[in-house]
Amino acid sequence: MTIRSDRDHGQRYRPRMSCLKKLEATVLQMQDPSTGVKGTDQKLNITIIPHVITGQDIVAWITKNMNIDNDEAQAFGTMLVAFGYIYPLQDHKKLVLRPDGSLNRFQTPYFWPVQKWKAEDTDYGIYLAKRNIRKKGVLDAYEQEEYNKLHKWMNHKWDFIVMQAKEQYHAGKARQKADRVVFDCQERAYWIVHRPPVSGWQNAMDYGLDRHIDPNVEEIIYTQQAVMRSRVKSSVSLGALAKYITTFKNHDPFLIPCLPSNPWHTDDDSYWELNAVEIPTKMRVERWSFSFYELLNDPRGRADFKIFLKKEFSGENLAFWEAAEELKWGTAASMSEKAEQIFKTFLAPGAPRWINIDGRTMGLTVKGLEHPHRYVLDGAQTHIFMLMKKDTFYRYLKSPVYKEIQKKAISPAPHNFSNRRPSIDPIITWQKEQEEKAKAAAAAGPVDIKKLMASKLDRK
Amino acid sequence: MCDQTFLAITFGPCDNCSQNKPLMNIYLKNEPINYCSLCVELMACQGLAKGETIHTLKTESETLKAKLEEERAKLHDVELHQVAEKIEALGQFVMKTRRTLKGHGNKVLCMDWCRDKRRIVSSSQDGKVIVWDAYTTNKEHAVTMPCTWVMACAYAPSGCAVACGGLDNKCSVYPLSLDKNENLAAKKKSVAMHTNYLSSCSFTNSDMQILTSSGDGTCALWDVESGQLLQSFHGHSADVLSLNLAPSETGNTFVSGGCDKKANVWDMRSGQNVQSFETHESDINCVKYYPSGDAFATGSDDATCRLYDLRADREVAIYSKESIIFGASSVDFSLSGRLLFAGYNDYTINVWDVLKGTRVAILFGHENRVSSVRVSPDGTAFCSGSWDSTLRVSVRFRFSGESDLRNILYSMVLLFTGIRDYRW
């Protein structure tokens, strides 16, 4: 289904509009004459700029009224400056809030970003032209560049732009000096926000890509099905979530410091090296006991489980599960070949590694294999998995194999020595693994008696 | 459906919307009706039968949705924070940035960890995709994509390839090579083809399948080697911005979130939408499964992150604060699931206590929006990518309960022996 493109022309503010409305509410509070931020009049040459506020007052007000600490208040204040609600008077190009005595002013609502009109290039052109008229050479380097660009692109409109600039300039001259200075500051701040000097980071107006929505879709059938769905009581499922957290609490490096040390913290990668060798750590071995999934997920754990299964002569279950996984996640081209291989090895009557599943599942699987697809073994795989999970896994945890590895496992002591080493590239590790797999497959295949006897005879 | 024997244009009140407009006199099942052109078109597109209007369908949909909420509420017997009462609170959190990866020339849009726990792939607005060894901060590979806004990148489970895509509407897989001089772009494989930008991609349990989500409102499962579409997932009514595969043993489902404020859970085998949640007030930017696979968290433009329980089939927690008013762009869980890291558009990263619903830490440092936050595969650190073109790897610093005595001892050792190579 392609979306009928109801292009949202309010893109520049749609996802942000609610956020900006909240910001606006806070700014209004800040401007309250009695409970807002206290402002003073500042003298600039001969004119007096009214209602100037200092950075530290703003931060203090935010800290008190929003109940947050200083750092967060400063970050919030920076957002206000970045979106153009407050503008700094000194060093006006850097849009951050400085928590010191530096001077700022509130931007007039006319220039707020929640207004529905977009900051058009035409307007920017008029603004730059106006400044050029007032005093030649007053434009910054980046502004000059933009001016030249706009002059080229909007050449057909240029007369209109210059005319508008002249009109605005004359209208401005008619105002009082103080008002003019204030308006100039406001307009300059507005354009710093919407056309920032350094392209890239400090442009809060940048919102990314346009997003499309299609408001007319109804999903009645789906909702009907959803109503019928079976659910679990909240206490049960939430209890399970809490239990998971408690089980893994000691294994979370953000909750309990990991031993010997967090590699990122101390620049010592023993934590990773220790887990790559023969003898695993105690924590790792403990993790295998949490769930069957954890055991299988860890290659070392899986290998240990295989040793146990070999002793029990039930290795075919895990082998079948692994083969089914390979089929599910494998490349489409090898599908039918793999399916056939699995059938010959595990499912055919009299197969060398025949798995024991109930008749119905077996029947369905064999039937499905006539037209093999990716998920044809799903039923059988789930059955075998459940069998291993509910029975074999618990026997494994009680077995001497597991107990032995628990004894052998080491518990590294914490230390803080630095050792920032490069590691083996995963590509090399992968290649080695593939080689080993191929060797194991060759070794595990049925032994050809004739060849074996022939080689023995040869040696004689 | 509509039997137009003749067409006449008159003016008057429409039979459907009652507005005075130019009417089209059409015959529907041999009955004459006068609809305005808008209503005729809507009727044709919506497949409405006579008597049905947009309004009736909408009301039916609303009633059903209300019924669904009722059913969901029936089994809701306890709140998450009540369950969390017995669990002890977290101590004080101090986070520290330990690595800053600089090298992108433009906004970093996405990043992913390699399973070896130290390598990272990141993509940016100018089309560059870089593979770093974050531990040593070396750049290992770099590819320049032929498009800008590479919003999706993913590391293959084997560590031998990366997938990325963006405004080119495609997802391409680049096999990585040990030869530093080799041009990676030469071996590129184009896998996915959508009709709008690619917003997110992820390998499944192997290198051979990729799951993608796109601005055309669909998700799709592809076979890497042949580029064949294996399954497509339709159900979102707006751009799909993010997806995440379930970590459970059966590994057959994934969740996606989109601009239609919905988070949908899909079955990969059948392509069916299994569950759907619509409680957010604005676009969902990111979805992430809880480590056990029984729940997932979302980050949205309405400045909240929410936790949805799949078995109870409802939203169970909202993570929000009055002082946080900008959208959350990216979320991820810590290893145990106790912490939720969320990157926001106001340049900060907030860390939430999943059970208690409180915020435990806030990180500053980025100079523009945080676009992507991911915890490393072994949970030792998390990496945040931002529009200020840097990536930062941060850890928890100085655990409370870790005695200050140890710190004092070490400082004394430093003082007496003059060892300078001690790192905090």
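Domain bounds are taken here from an automatic or database domain assignment. On this basis chain B is divided into domain 1 (1–46) and domain 2 (94–396). The centres of domain 1 of chain B and domain 2 of chain B, taken over C-alpha atoms, are separated by 48 Å.

The model is predicted, and local features need pLDDT of at least 70, side-chain atom pairs count only at pLDDT 80 or more, and totals for chains, interfaces and linings use all residues. Residues are numbered from 1 along each chain as its sequence is written, chains are lettered from A and ligands numbered from 1 in the order in which they are written, and side-chain values use heavy atoms, with hydrogens and water left out.

Secondary structure elements are DSSP runs numbered from the N terminus, with helices (H or I) of at least four residues and strands (E) of at least two. Two strands are taken to pair if DSSP finds at least two bridges between them. In chain B, 4 strands form an open sheet with antiparallel pairing, in the order β5-β6-β7-β8. β5 (108–113) and β8 (138–144) of chain B each have a single partner strand and stand at the edges, so one side of each is left without a neighbour in the sheet. Direction ignored, neighbouring strands of this sheet are turned by 20° against each other on average, where axes are lines fitted to C-alpha atoms, for helices over the stretch in contact, and angles run from 0 to 180 degrees between N-to-C directions. Strand β7 (residues 128–133) of chain B runs antiparallel to β8(B) and is joined to it by 6 bridges. In β8(B), B:Thr144 stands opposite B:Lys128.

Grid points are joined across faces, edges and corners, and a volume is the space filled by probe spheres set on the points.

The second largest pocket has a volume of about 1100 Å³. It is lined by 38 residues, and the closest to its centre are A:Lys389, B:Ser248, B:Glu249, B:Ser292 and B:Asp294. Two or more lining residues are given by each of α9 (234–248), α13 (292–297) and α18 (378–398) of chain A, and by β19 (263–267) and β20 (273–277) of chain B. α9(A) supplies the largest share, 5 residues. The lining divides into 17 nonpolar, 11 polar and 10 charged residues; Ala, Val, Leu, Ile, Met, Phe, Trp, Tyr, Cys and Pro count as nonpolar, Asp, Glu, Lys and Arg as charged, and the others, Gly among them, as polar.

The structure also holds 4 cavities of 30 Å³ or more. The largest cavity contains about 90 Å³ of space. Its lining includes A:Glu72 and A:Phe76 from chain A, and B:Asp346 and B:Arg359 from chain B. The largest share of this lining, 4 residues, comes from α3(A).

Some backbone features lie in loops. A cis peptide bond, with omega of about -5°, joins A:Leu259 and A:Pro260. B:Ser389 is not a glycine, yet has a positive phi of about 70°. B:Ser389 lies in the loop between β30 (382–386) and β31 (390–396) of chain B. At 7% relative accessibility, B:Ser389 counts as buried (under 20% relative accessible area, with exposed over 50% and partly exposed in between, for a 1.4 Å probe and protein chains only).

Definitions and conventions: 1 Å grid on protein atoms, 1.4 Å probe; cavity = no way out; pocket = protein on both sides within 12 Å on 5 of 7 lines; lining within 4 Å.
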